[in-house]
Amino acid sequence: MKSRRRSLRTSPQTPAATGSEMYHCSDCGKNFTKSHHLKDHERIHTGEKPFYCGQCGKSFTVQSNLQRHERIHTGQKPYRCGQCGNSFTQLCTLQRHERIHTGEKPYYCGHCGKRFTRQNHLQIHERIHTGQKPYYCGQCGKSFTCQRYLQLHERIHTGEKPYHCGQCGKSFTCQRYLQQHERIHTGQKPYYCGQCGKSFTCHRTLQQHEHIHTGQKPYSCGQCEKSFTCQRNLQQHERIHTGEKPYSCGQCGKSFTCQRYLQLHERIHTGEKSYHCGQCGKSFTCKRYLQQHERIHTGQKPYYCVQCGKSFSCHRTLQQHEHIHTGQKPYSCGQCGKSFTCQRNLQRHERIHTGEKPSPCS
């Protein structure tokens, strides 16, 4: 290797003169203009990682990667966004972030036309079309479209949560989850909806919100073909068909299809109502109920039916209304099989069988 490099260096033809690279990798054929670039590259093949972090012992192939890593421990973020003031450990991360403000998405998929702010996101996306999942978990055999997803998955097996919140000490498996969490403390919501101006703490929540305006519901139920704006809502819905209620109340034993419903239910026992209306002082068990209530004062009805144009103050009421147009009655009585457009009507009906008399406040 050394003799080959030496002969290349003494060659009378330079890259500037010939347009060719001087240093050639014998393993993969990649070419480089500088010898130290070749040396750094060769460590990919040899597995050599000579640069160690003094804090956690993690090792790296090049010193610049170590320096960037060390900023995780020091908290140093020298690159600041001029638009929103957000800071970053790397210049390239700042440049990618700035595309949120400019809307620039220079990389597009040749299959479906979807555009991306980063080339590696495009490459990962293209594997949806090809079905390629080249990264395998050694523990359970599950495969992934990119190495990053594999690394995050492996922490399920190891229990590793290396990213810690400086405010409350909560730990996370990846830096992105930590960054999203930190916005709870700072109140920062950098992702804005172009339609209504509503802001969000993470990009994924914005994407799900945008489906309200576009009417897009990409996640469909295999049982009743009902569609949803996000996968989590589909998973919760599917439990209506399976009857699965994995979340149980420790006080009364009542079970629920999702953890959020359990948390709301538990406030019945604790009496907690931490969300207060600034107009009339009324209190609520969850933020969503407060937001719905506030629309009584504002008159806002942001949810529109695409069939008849009728508007509603909450998304759930719109969904129930849409059943009028589709004729869908997804809530069925286990006793007699009669079906209903909404769960509340089913609950009222079930009292015929149980003989239960509703309380005066219900």
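**Figure 1. Q236 in helix α10 of the predicted model.** Q236 has a relative accessible area of 17%, so this residue counts as buried, the limit being under 20%. The model shown here and in the other views is a predicted one. Q236 sits in helix α10. Leaving aside neighbours within four places in sequence, the contacts of Q236 are T257, C258 and Y261.

**Figure 2. Helix α10 and what covers its buried residues.** Helix α10 runs over residues 231-242. Its 12 residues should span 16 Å at 1.5 Å a residue, and the end C-alpha atoms are 17 Å apart, so the two values agree. Buried in α10 are L234, Q236, H237 and R239. The cover over these buried residues includes β15 (219-220), β16 (227-228) and β17 (247-248), along with helix α11 (259-270). After α10 comes G243, with a positive phi near 80 degrees.

**Figure 3. Helix α8 and its surroundings.** Helix α8 is made of 12 residues, 175-186. From first C-alpha to last, α8 reaches 16 Å, close to the expected 16 Å at 1.5 Å a residue. Which residues of α8 are buried? They are L178, H181 and R183. Among the elements covering them are β11 (163-164), β12 (171-172) and β13 (191-192). G187 follows α8 and has a positive phi, near 80 degrees.

Figure 4. Helix α5 covers residues 91-102, which is 12 residues. The distance from its first C-alpha to its last is 17 Å, close to the 16 Å expected at 1.5 Å a residue. L94, H97 and R99 are the buried residues named in α5. The buried residues of α5 pack against three strands: β5 (79-80), β6 (87-88) and β7 (107-108). Just after α5, G103 has a positive phi of about 80 degrees. Q95 is also found in α5.

**Figure 5. H153 in helix α7.** H153 belongs to helix α7, residues 147-158. The relative accessible area of H153 is 10%, so H153 is buried. What does H153 touch, leaving aside neighbours within four places in sequence? H153 is in contact with C137, C140, K142 and F144.

Figure 6. The largest nonpolar core has 5 residues in all: M22, Y23, C25, F32 and L38. One of them, C25, touches K30, L38, H41 and H45, not counting residues up to four places away in sequence.

**Figure 7. S59 in strand β4.** S59 lies in strand β4, which consists of residues 59-60. Not counting residues up to four places away in sequence, S59 touches K49, F51 and Y52. K217 is 158 residues from S59 along the chain. The C-alpha atoms of S59 and K217 are separated by 44 Å.

**Figure 8. The second largest pocket.** The volume of the second largest pocket is about 490 Å³. Its lining has 21 residues, and those closest to the pocket centre are G215, K217, V306, L318 and E322. Which elements give two or more residues to this lining? They are α9 (203-214), β21 (303-304) and α13 (315-326). Helix α13 gives the largest share of the lining, 7 residues.

**Figure 9. The two domains.** The protein is divided into domain 1, residues 29-102, and domain 2, residues 301-354. How far apart do the C-alpha centres of domain 1 and domain 2 lie? The distance between these centres is 53 Å.

Notes: Residues numbered from 1 in each chain as written. Predicted model: local features only at pLDDT ≥ 70, side-chain atom pairs only at ≥ 80, totals over all residues. Heavy atoms only, no water. Core = buried A, V, L, I, M, F, W, Y, C linked by side-chain atoms within 4.5 Å. Buried < 20%, exposed > 50% of the residue type's maximum accessible area, 1.4 Å probe, protein only. Contact = heavy atoms within 4.5 Å. Domains from an automatic or database assignment. Helix = DSSP H or I, 4+ residues; strand = E, 2+ residues; numbered from the N terminus. Expected span 1.5 Å × (residues − 1). 1 Å grid on protein atoms, 1.4 Å probe; cavity = no way out; pocket = protein on both sides within 12 Å on 5 of 7 lines; lining within 4 Å. Points joined across faces, edges and corners; volume = space filled by probe spheres on them.
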